[in-house]
Amino acid sequence: MAQIIGGIGTSHVPAIGAAIAKGAQNDPYWKPFFDGYGPAREWLKETKPDIAVVFYNDHGLNFFLDAMPTFAVGAANEYCNADEGWGLPVMRPYMGDADFSWKLIEQLVAEEFDITSCQKMLVDHAFTVPMQLLWPEGTPPVRVVPISVNTIQHPLPSALRCFKLGQAVGRAIAAHEDPDLKVVVLGTGGLSHQLDGTRAGFINKPFDTLCLEQLVEEPQRLTHYSIRELIELAGTQGVEILMWIAMRAALGDKARRVHSHYHIPISNTAGGLLLMEPQEAPAFAPARTFRQHVGAA
Ligand code: DHB
Ligand code: FE
């Protein structure tokens, strides 16, 4: 049984990557934001996870409106980013773990999640910026499993469906045979923001504050919002809170807050960071394997 050691929700705004590329972390605009990441970086240095499972939303780099999977899981040994037009650097490839990914995918399909498996997958700013924020020294010392959730082409998966996906990911990790494997789960995006339309620039601090509390204590309550309600409360792109909900669900019933940080504005968003540890491991009964599911010996 692999061990989930923690979950981290973080912003992924491309302007953060541009600030890092320029070395502007100590500029007055950026300093209060970047200062919030110290405790999370320290925690990662101390706990040394082997694998990072990353819930993020592709913004049109790997998937576009012509073919948009609701849930896509990377199954590669290497993931690259590419020029998205934000002026962000092309990074060295991120190390994957195809074997771990396939075990995860088998469990998810056995649990009736109809995911798209990707043996090639470009990862966009929603993946690369959190990697830079959490491991600023360079290429992250973890193997990664990107899980892309559709937040672009409606209909989007509901908050409840994302929560259930996170729970299934948690069970799949718990079912992994290597007891020494340490896994951190990330959810990237948000917090409240809207980039387009008459509400462009919309930020909702009371709702973000509520999310940061409920994600720790009562994450199930966030699954009661419809996608329309989430968009109304968090903004069109604030619906990225779905990634945080999936991440939190993977941690099991009880989690404790280790660190959180909130800063307005970062580009057009409320910048958020939340680090939690699961409180009751193991929180899950092991998932059935695919062979058990289909009744094979
Ligand atoms: C911004 C925010 C996002 O979540 C994103 O994916 C791109 C841009 C922004 O605030 O500029
Ligand atoms: Fe985004």
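1. Ground rules. Residues count from 1 along each chain as its sequence is written, chains are lettered from A and ligands numbered from 1 in the order written, and side-chain values use heavy atoms, without hydrogens or water. Because the model is predicted, local features need pLDDT of at least 70 and side-chain atom pairs pLDDT 80 or more, while totals for chains, interfaces and linings use all residues.

2. Who sits around ligand 1? Look for H12, V13, P14, H59, W86, H125, H193, L195, E240, S267, N268 and T269 (near means a heavy atom within 4 Å). By class, this shell has four nonpolar, seven polar and one charged (Ala, Val, Leu, Ile, Met, Phe, Trp, Tyr, Cys and Pro are nonpolar; Asp, Glu, Lys and Arg are charged; the others, Gly among them, are polar).

3. Now the polar contacts (N or O atoms paired within 3.5 Å). Oxygen atoms of ligand 1 lie 2.7 Å from a polar side-chain atom of H125, 2.8 Å from one of H193 and 3.3 Å from an N or O atom in the side chain of E240. On its own, ligand 1 exposes 290 Å², and the protein buries 95% of that (Shrake-Rupley method, 1.4 Å probe).

4. What about enclosed space? The search turns up one cavity of 30 Å³ or more (on a 1 Å grid over the protein atoms alone, points where a 1.4 Å probe fits but cannot get out; lining residues have an atom within 4 Å of a point). The largest cavity has a volume of about 40 Å³ (the space filled by probe spheres set on the points).

5. That largest cavity is lined by N81, A82, D83, E84, L88, P89 and T128: three nonpolar, two polar and two charged residues.

Notes
A polar contact is a pair of N or O atoms within 3.5 Å; within protein, one must be able to donate a hydrogen and the other to accept it, and residues adjacent in sequence count only if both atoms are side-chain atoms. On a 1 Å grid over the protein atoms alone, a cavity is a set of points where a 1.4 Å probe fits but cannot get out, and a pocket is an open set with protein on both sides within 12 Å along at least five of seven lines; lining residues have an atom within 4 Å of a point.
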